Amino acid sequence: MAKKNYDEAAQAIIRNVGGRDNVDKVIHCITRLRFYLKDEKLADTSAITQIPEVAGAIYNGALGQYQVVIGPAVADVYDEVVAQLGDGVVDSAATEAAVAATQPTTSKPKNGLDIIKSAFQTLIGTITGSMIPVIGLLAAGGMLNGFLTLLSDPNLLGLISTKSDTFTIIQSMAMAPFYFLPILVGFTAAQRLKSDPLVVAAIGALLVKPEIVGLSAAKASGVWLGMPINAHFFGLPITVPNYAYSIFPIIFAAWLARPIGNWLKNHLPAAIRSIFQPLITIFIVGSVLLVIMGPAITMISSGISIAIHALLNFNYALSGLIIGGLYQVLVIFGLHWMVVPLIANEIAQTGQSQLNALVNFTMIAQGAGALAVFAKTKIANLKGLAGAGALSAFAGITEPAMYGINLKYGRVFWMANIGGAVGGLIAGLFNLHMYGFTGSLIGFPSFASTKDNPNNLLIFFLASAATIVVSFVMVYLWGFKDRDVEQSAKQVEKKNVFKDNDAK
């Protein structure tokens, strides 16, 4: 088979590191190009990461290198870069040293726990890698939604009526990226996993099409294994959850669409391939999602909701400790969607929700974790993303902090969860109540009632302060260092396992 031509990739990389005049030297290690640039600020990281052959890019201030993650094909891309820039950029001795320093070492065979850990890290790497291109949109939407809450809540400024067209339009601007997340993430995940981005985006559109969302809200015609049956597909009873705001099902779809699409590409006649390849892929992958993935998520979520309900009835303080520390894990995999009806039911029946009060501190904790990264990092673009993520989380939208920062640098997520556990424990010990849906710091009016607890609002502020302090300190001291950015790039390489191994 002919060697792949990396001419266009090299051109794009050179252009986006500031052009040939901005390059002093370029070397490579075992997985990445390492540029010595005259002005690293001229490099366009966002544009570079969109190049198909590129898995990630970061400026390493300690080494004075702008590093472009390629993976196994790095030597081929390097050769093309040198061919275009000329031999004046070559430093053979430095390249040999970098390659030697990054060669994998022989290790003992992995045990079962190591394999599980590696698989989990790869999965998280895939999720965060797919989310990174849309984090800016989510951060913008989260902050806009926070401003709208300030302007519309009658307990705050109350300048915009929640029943006005203005409110509806601005809220739609803010929440559109979240509602249509399966489409956006489907496109980016397909790029990462080498599926057809438009086909996977179309599958994402299927998941949030109004008729499908309507099925998720339809009255159940029966129950099977604890799952409400709200639809039938070719006579088969199925459960259709609400896929809006979800990411895990569409990432699974992007993974599944690749082998199916490749098989069809190799077996369909060229004359009908352009129509029938996407048609069959959408039908098969969409059917698998609706028939298998939906019920699987529902079954697991249903079991979790039953366990949470039992835990709340058993002991509120213990519930706060456990839910405060672990709830955001459910959010990663979309397993929290059946917890939402529990909250809605509590509010409908009693006017308040202790469960939502506990969930509230998990949101504050993730914001505090991102805030600690903002305070500690010296990497300019990371500082900007962490600051926006923290503001968004404090305004009630955790996705930018979660997927842009905390999960990407794993310890940040877990250290922040410790703060969530502390806040939840305090809430449980002092019998905190919440009287609305809006959570995080901006949701403090939801706690402004003395109906069930005369010190309710005070307890909210004390638990919030404890959550922020513990999460911030844990992340700042033990959860993040700038060198973690380098480690994260290695996770990006893992998730790009398909980049240079397309089915032939």
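The dialogue below goes from an annotated region to a strand, a surface patch and a helix residue.

Tutor: Please keep in mind that this is a predicted model.

Student: Which residues does UniProt list for "domain: PTS EIIB type-1"?

Tutor: The unreviewed UniProt entry gives residues 7–91 for this domain. In the model, that stretch of chain is 32% helix and 26% strand. Its end C-alpha atoms lie 21 Å apart.

Student: How many residues of strand β4 are buried?

Tutor: A residue counts as buried when its relative accessible area is under 20%. In β4, which spans residues 65–69, five of the five residues are buried, and the strand is mostly covered.

Student: Which residues of β4 lie on each side?

Tutor: One side carries Gln-65, Gln-67 and Val-69, while Tyr-66 and Val-68 are on the other.

Student: In which sense does β4 pair with strand β2, parallel or antiparallel?

Tutor: Strand β2, residues 32–37, pairs with β4 in the antiparallel sense, over four bridges. Across from Tyr-66 of β4 stands Phe-35.

Student: How many bridges join strand β3 to β4?

Tutor: Five bridges link β3, residues 56–60, with β4, and these strands run antiparallel. Ile-58, for example, has Gln-67 of β4 as its bridge partner. The hairpin of β3 and β4 has four residues between the strands, and there Gly-64 takes a positive phi near 70°.

Student: Let us turn to the surface. Which residues form the nonpolar patch?

Tutor: The patch consists of Phe-120, Phe-314, Leu-318, Leu-321, Ile-322, Leu-326 and Trp-414. Together they have about 650 Å² of accessible area.

Student: Which helix gives the most to the nonpolar patch?

Tutor: Helix α13, residues 316–332, gives the most, with four residues. Trp-414, another member of the patch, is found in helix α18, which covers residues 411–429.

Student: Where does Leu-477 lie?

Tutor: Leu-477 belongs to helix α19, residues 456–479. With 47% relative accessibility, Leu-477 also counts as partly exposed.

Student: How far apart are Leu-477 and Lys-25, in sequence and in space?

Tutor: In sequence, 452 residues separate Leu-477 from Lys-25. In space, the distance from C-alpha to C-alpha is 36 Å.

Conventions. Residues are numbered from 1 along each chain as its sequence is written. This is a predicted model: local features need pLDDT of at least 70, side-chain atom pairs count only at pLDDT 80 or more; totals for chains, interfaces and linings use all residues. Side-chain values use heavy atoms; hydrogens and water are left out. UniProt positions are given in the numbering used here, feature names are shortened, and annotations may be inferred rather than shown by experiment. Helices (H or I, at least four residues) and strands (E, at least two) are DSSP runs, numbered from the N terminus. Buried means under 20% relative accessible area, exposed over 50%, partly exposed in between (1.4 Å probe, protein chains only). Two strands pair if DSSP finds at least two bridges between them. Patches are made of residues with over 30% relative accessible area and no salt bridge: like charges are joined within 9 Å, nonpolar side chains (Val, Leu, Ile, Met, Phe, Trp, Tyr) within 5 Å. Accessible areas come from the Shrake-Rupley method with a 1.4 Å probe; for residues, only the protein chains shown count as cover. A salt bridge is a side-chain nitrogen of Lys or Arg within 4 Å of a carboxyl oxygen of Asp or Glu.
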